[in-house]
Amino acid sequence: MFNALIVNKDDDGKTNASVSQIGEDQLPEGDVLVAVDYSTVNYKDGLCIGPGGGLVRNYPHVPGIDFAGTVEASEDDRYKPGDKVVLTGWRVGENRWGGYAQKARVKADMLVPLPEGITTRQAMAVGTAGFTAMLAVMALEDHGIKDGPVLVTGAAGGVGSVATAILAKLGHEVAAVTGRPETTEYLKDLGATQIVARDEINETTKRPLEAEAWGGCVDAVGGAMLARVLGQMKYGASVSAVGLAGGAALPATVVPFLLRGVNLLGIDSVMQPYDNRLRAWQRIAQDLPMDKLEAMIRPAALGDLPQLGADILKGQVQGRVVVDVNA
């Protein structure tokens, strides 16, 4: 028997989450059994844990959209007991049981070997948010980052924090957008050279183009902020869009795309090909400054998750929450 955070729904449609003991026979089918070390807390986890049930289709359910740990048993030749592995995407924690348990059974194709130079704890300090941030940076690199500051919106959140640290490590000047003045020193410690107030970017304008300001952008917000940023990009610059916190609507015109050649790059971390997932994790091990990563970590245990799920939905979680499922 082992511990897991179990979410159930009662007859009135309300959900509740609590730590319970379950057995391996209750885990879903899969090729590989993993002894989980760490998971994280993401916005989707908050939705799954919350009273509305959010993204969960079947109950009982174990949330946790990512995890890192050690292979305990495997029916696939690619993984052997003792191998360190990491999983992001594939709708685990949503459609399939996820990382908020001391053991997980998954299909081998969902896993990636953890590269040398990064621990399972560090991997979950990166987590899905940091993995997405690296995908966003890689997409900007593939299209060419222009001279000048690279803008990061939602910079104090999970994706934004890691994107800021990576871009700074790679030698780029980073302009970090935040709506919380108290995060200024945190963002500067990650490597941001310029702090931009969220209200400044959210200011309403009818002009489809403004002065060219940014050589690239990782946008973790979307909505009206993304529309505003598009009109401020330098000629031929790119925006990696990764979030919908500001809404799915895009109140923009085609002018930035036609007259400035701006590239809008959509980043989806859920169904990435294996080679791209492996490349991203190798780049994370190589290019993410681990001292900066440690500064982002907020430790937690399984019993903390109901409250943390509520906090992240309110925008009250800064940096990366790392859940030690064995604590």
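How exposed is Arg 78, in terms of relative accessibility? At 46%, Arg 78 counts as partly exposed, on a scale where buried means under 20% relative accessible area, exposed means over 50%, and partly exposed lies in between (1.4 Å probe, protein chains only). The model is predicted, so local features need pLDDT of at least 70, side-chain atom pairs count only at pLDDT 80 or more, and totals for chains, interfaces and linings use all residues. Residues are numbered from 1 along each chain as its sequence is written, and side-chain values use heavy atoms, with hydrogens and water left out.

Side chains of opposite charge can pair when their charged atoms come close. With a salt bridge taken as a side-chain nitrogen of Lys or Arg within 4 Å of a carboxyl oxygen of Asp or Glu, the count comes to 13. One of them joins Glu 24 to Lys 103, with 2.6 Å from N to O. Because Glu 24 sits in the loop between β2 (15-22) and β3 (32-40) and Lys 103 in strand β6 (residues 103-106), this pair ties together parts that are 79 residues apart in sequence. Helices (H or I, at least four residues) and strands (E, at least two) are DSSP runs here, numbered from the N terminus. Glu 24 is partly exposed at 31% relative accessibility, whereas Lys 103 is buried at 18%.

Arg 78 has a partner of its own: Asp 109, in a salt bridge whose closest N and O atoms are 2.7 Å apart. Asp 109 lies in the loop between β6 and β7 (112-113) and Arg 78 in the loop between β4 (66-74) and β5 (84-88), so parts 31 residues apart in sequence are tied together. Asp 109 is partly exposed as well, with a relative accessible area of 45%.

A further salt bridge pairs Asp 142 with Arg 279, the closest N and O atoms being 3.6 Å apart. This pair links distant parts of the chain, with Asp 142 in helix α2 (residues 120-143) and Arg 279 in helix α8 (residues 274-287), 137 residues apart. Asp 142 counts as exposed at 53% relative accessibility, while Arg 279 is partly exposed at 31%. Shared partners also join Glu 24, Glu 72 and Lys 103 into one network of salt bridges.

Helix α2 also holds Leu 140, which is buried with a relative accessible area of 1%. Leaving aside neighbours within four places in sequence, Leu 140 is in contact (heavy atoms within 4.5 Å) with residues including Ile 145, Val 150, Cys 217, Val 239 and Leu 265. Leu 140 and Arg 91 are 49 residues apart in sequence and 25 Å apart in space, C-alpha to C-alpha.

A search of the whole structure finds one cavity of 30 Å³ or more, a cavity being a set of points, on a 1 Å grid over the protein atoms alone, where a 1.4 Å probe fits but cannot get out. The largest cavity has a volume of about 40 Å³, a volume being the space filled by probe spheres set on the points, which are joined across faces, edges and corners. Lys 103 is among the lining residues, as are Leu 27, Pro 28, Trp 97 and Arg 105; a lining residue has an atom within 4 Å of a point.

Note on methods:
On a 1 Å grid over the protein atoms alone, a cavity is a set of points where a 1.4 Å probe fits but cannot get out, and a pocket is an open set with protein on both sides within 12 Å along at least five of seven lines; lining residues have an atom within 4 Å of a point.
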